[in-house]
Amino acid sequence: TVVPLQAPCQAPVQLGGSWEYSDERRINFDLDSTNVRNRRVREHEIKLEASTQLGPNTKAFAQIVGVHETRRTQGTDGKQVTHPLSRGQVWLQQDRLGGTPWSLQVGRVELIDRRAWWWDEDLDAIRARYDGGSWKLDTGIAREVAKTSSAERRIAADERGRRVVMTLGLK
């Protein structure tokens with residue numbers, strides 16, 4: 001849940017945050033009855049967000065995500081603890097470009113297919129949107145340009161060079 005707070009300044013900034021906790025237990029998670037390997041994962045996730053309206057048609061948003069995860073797996077020594085910081089969405093958006101129904105969003109943006117079977121990811125992208133009233137168009141191009149987490153040394157090999165072009169939201 002995001003709880004907005006107002007901070008007075010030239011352009012008001014909304015601050016928000018959320019906390020999630022999960023506790024997952026899996027018995028014999030690798031389905032090998034000869035090797036007992038039960039697993040328990042506890043995770044705390046904290047998101048901090050800031051957004052502002054820089055002008056009548058310009059918005060900015062930034063999000064940072066902190067995670068603390070403790071993982072115990074039967075058959076291994078001790079527990080594994082990770083606590084990375086990650087960049088969430090960070091973007092700048094200009095609406096009504098030149099008085100038209102077009103908007104442009106640049107940065108680390110949420111690319112989501114509402115059917116939830118293709119995409120639901122934050123990616124470094126440029127997205128253009130058209131809101132023509134009776135129909136809408138959402139299109140963009142994305143490519144990972146920097147690592148997302150302090151736990152990573154570099155962009156993951158399977159993400160390096162990957163480009164995504166999408167057109168969604170025709171109504």
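The structure is a predicted model, in which local features require pLDDT of at least 70 and side-chain atom pairs count only at pLDDT 80 or more, while totals for chains, interfaces and linings use all residues. Residues are numbered from 1 along each chain as its sequence is written, and side-chain values use heavy atoms, with hydrogens and water left out.

The chain contains zero helices and ten strands; helices (H or I, at least four residues) and strands (E, at least two) are DSSP runs numbered from the N terminus. Along the sequence the pattern accordingly reads β-β-β-β-β-β-β-β-β-β. Of the 171 residues, 29% are buried, where buried means under 20% relative accessible area, exposed over 50% and partly exposed in between, with a 1.4 Å probe and protein chains only. Among the contacts (heavy atoms within 4.5 Å) with a separation of 6 or more, 42% join residues 24 or more positions apart. The chain exposes about 11,600 Å², of which carbon and sulfur atoms supply 55%; accessible areas come from the Shrake-Rupley method with a 1.4 Å probe, and for residues only the protein chains shown count as cover.

The largest nonpolar core consists of seven residues, namely F61, W91, V109, L111, L123, A125 and A142. Such a core is a set of buried Ala, Val, Leu, Ile, Met, Phe, Trp, Tyr and Cys residues joined through side-chain atoms within 4.5 Å. Strands β7 (102-112) and β8 (120-131) each contribute at least two residues to this core.

On the surface, W19, Y21, I46, L48, I64 and L85 form a nonpolar patch with about 620 Å² of accessible area together. Patches are made of residues with over 30% relative accessible area and no salt bridge, with like charges joined within 9 Å and nonpolar side chains (Val, Leu, Ile, Met, Phe, Trp, Tyr) within 5 Å; a salt bridge is a side-chain nitrogen of Lys or Arg within 4 Å of a carboxyl oxygen of Asp or Glu. The elements giving two or more residues to the patch are β2 (13-26) and β3 (39-55). I46 is placed in β3 and is partly exposed, at 44% relative accessible area.

The whole structure holds four aromatic pairs. Rings of Phe, Tyr and Trp (its six-membered ring) pair if their centres lie within 6.5 Å; planes under 30 degrees apart count as stacked, over 60 as edge-to-face and the rest as tilted. The pair W19 and Y21 is stacked because the ring centres are 6.4 Å apart and the planes lie at 25°. W19 is exposed at 55%, whereas Y21 is partly exposed at 40%. Elsewhere, ring pairs link W102, Y130 and W135 into a cluster.

Individual residues complete the account. L54, in strand β3, is exposed, since its relative accessibility is 52%. Leaving out residues up to four places away in sequence, L54 touches A60 and L92. T70 belongs to strand β4 (residues 58-73) and counts as buried at 19% relative accessibility. Beyond its neighbours within four places in sequence, T70 contacts R40, V41, R42, K79, Q80 and V81.

Finally, R96 lies in the loop between β6 (85-94) and β7 and is partly exposed at 46%. Most residues other than glycine have a negative phi. R96, although not a glycine, has a positive phi of about 50°.
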